[in-house]
Amino acid sequence: MVTVALDADFFHRWMSAVSAAVDREAQRLTELDSAIGDADHGSNLRRGFAAAVASLDEERPDTPGAVLALAGRRLISTVGGASGPLYGTLLRRAGKALGDAGTVDAARLREALRTGVDAVAQLGSAAPGDKTMLDALYPAVEALGESGEDFEAARGAAEEGASATVPMLARRGRASYLGERSIGHQDPGATSSALLFAALADTAGAVASGDDGEAA
Amino acid sequence: MSADREERPLVGVVLVSHSRQVAEAVAHMAHGLASGGPSVPVAPAGGTGEGGLGTSSELIIEAARRVDRGAGVAVLADLGSAVLTVRTLLVEGDLPEGARLVDAPFVEGAVAAVVTASTGADLEAVAAAATEAYEYRKA
């Protein structure tokens, strides 16, 4: 992949792709959440990302940082479950870390995402291995690699990370009340985190193939 | 201004629960048990904006503004998204200056906070009283 400058439009399309993926997978997310949570993860995230994209479409922020910050704010104000402040913090912090640059390279995006994921860990007082979204997010950020451009590797790492939560004992959130009964179920938050990175890879792939939805 | 006319503003209390009914009922109970003293500003922020189970950042921000008299606001939350949302709003500066998430059991902490606030105690003392409610063992 050639080194690409990622602009506000790229981030806007990434958020739209996340919204579409969450919409498509809402049923599955809610089913996973009904096993060990309160069966609202799919509908909550669908509402949150739809609101985020609606605000982006309306306000059209013109820097990558502003796109992520606005999406994060909307998630915090519309989700109603723990995934709102958690994903909201991830995007808001990553957005803040990107500053007000008009374009950023992939290495800078990787660093911003790492900052965002660290903020999520701090907010939830959680660590990898607790059966949370961190189990998909940390491996995905690592897999982006030195250049930050290994988007497909990040997609795979996030999916593997989500699958790896199946045998884990939940240590955070409502699922932790279930103790050993949380074992054997895939974590819904890690599953939606994998969608975030799948959408990133799809968006980057569309850029690489020239099919990025922009007029040539 | 004479000293006996001087009124110190009271600490406000916000009660954030997944359930609107729980937040309202705990506010009612804390008020009732604190009766006699001056009326502490207490605001429930329960459930989603639509009345379902969950957390609404807008309700929390509104509630905190409503009870802010300039002496600080003690925010108590029940669990999960209620706690995470308050923490996020504090970090992002969306709550009034002097608002603080208090580490306390929800019902007992609310009663302790409101009773203490009704004495004119400052935020530090209100928060400490709420946290101390953890110490009372029941069995």
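Predicted model: local features only at pLDDT ≥ 70, side-chain atom pairs only at ≥ 80, totals over all residues.
Is B:Asp94 buried, partly exposed or exposed, and what is its relative accessible area? B:Asp94 is partly exposed, with a relative accessible area of 25%.

**Figure 1. Chain A is built from eight helices and two strands.** Followed from the N terminus, the elements of chain A occur in the order β-α-α-α-α-β-α-α-α-α. The radius of gyration of chain A is 16 Å, close to the 17 Å that the globule rule gives for 216 residues, so chain A is as compact as a globular protein of that length. Along the principal axes, the C-alpha atoms of chain A fill a box of roughly 55 × 35 × 30 Å. Of the 216 residues in chain A, 56% are buried. When contacts in chain A between residues at least 6 apart in sequence are considered, 69% of them join residues at least 24 apart.

Figure 2. The size of an interface is often given as the accessible area lost when the parts come together. Of the area that chain A buries against chain B, 36% is supplied by A:Gly80, A:Arg92 and A:Leu123, more than by any other three residues. The contact involves 16 residues from chain A and 14 residues from chain B.

**Figure 3. Three salt bridges and three residue pairs in polar contact are found across the interface of chain A and chain B.** On the side of chain A that touches chain B, helix H3 (64–78), helix H4 (83–98) and helix H5 (106–123) each supply at least two residues. The largest share, six residues, comes from H4(A). By type, the residues on this side of chain A divide into six nonpolar, seven polar and three charged.

**Figure 4. A:Arg92 forms salt bridges with B:Glu92 and with B:Asp94.** Side chains of opposite charge can pair when their charged atoms come close. In the pair of A:Arg92 and B:Glu92, the closest N and O atoms are 3.5 Å apart. In the pair of A:Arg92 and B:Asp94, the distance from N to O is 3.8 Å. The latter pair crosses between chains: B:Asp94 lies in the loop between helix H3 (81–91) and strand E4 (99–101) of chain B, and A:Arg92 lies in helix H4 of chain A. A:Arg92 is buried, with a relative accessible area of 12%, whereas B:Asp94 is partly exposed at 25%.

Figure 5. A:Glu152 is partly exposed, with a relative accessible area of 49%, while A:Arg155 is buried at 18%. Elsewhere, salt bridges that share partners join A:Arg92, A:Arg93, B:Glu92 and B:Asp94 into one network.

**Figure 6. A salt bridge between A:Asp23 and A:Arg46 links distant parts of chain A.** Over all chains, a search of the whole structure finds 14 salt bridges. In the pair shown here, the distance from N to O is 3.6 Å. A:Asp23 belongs to helix H1 (residues 8–36) and A:Arg46 to helix H2 (residues 41–59), and the two residues are 23 residues apart. A:Asp23 is partly exposed, with a relative accessible area of 43%. A:Arg46 likewise counts as partly exposed, at 37%.

**Figure 7. A:Thr78 is a buried residue in helix H3 of chain A.** The relative accessible area of A:Thr78 is 18%, which is under 20%, and A:Thr78 therefore counts as buried. Apart from residues up to four places away in sequence, A:Thr78 touches A:Arg47, A:Gly48 and A:Ala51.

**Figure 8. B:Gly47 is a buried residue in a loop of chain B.** This loop runs between strand E2 (42–46) and helix H2 (57–67) of chain B. B:Gly47 has a relative accessible area of 1%. Although B:Gly47 and B:Arg20 are 27 residues apart along the chain, their C-alpha atoms are separated by 4.7 Å. Leaving aside neighbours within four places in sequence, the contacts of B:Gly47 include B:Ser17, B:His18, B:Ser19 and B:Arg20. Also among them are B:Gly52, B:Gly54, B:Thr55, B:Ser56 and B:Leu59.

Technical notes
Residues numbered from 1 in each chain as written. Chains lettered and ligands numbered in written order. Heavy atoms only, no water. Contact = heavy atoms within 4.5 Å. Buried area = accessible area lost by both parts, 1.4 Å probe. Salt bridge = Lys/Arg side-chain N within 4 Å of Asp/Glu carboxyl O. Polar contact = N/O pair within 3.5 Å; in protein donor to acceptor, adjacent residues only side chain to side chain. Helix = DSSP H or I, 4+ residues; strand = E, 2+ residues; numbered from the N terminus. Nonpolar A, V, L, I, M, F, W, Y, C, P; charged D, E, K, R; others polar. Rg over C-alpha atoms; globule rule 2.2 N^0.38 Å. Buried < 20%, exposed > 50% of the residue type's maximum accessible area, 1.4 Å probe, protein only.
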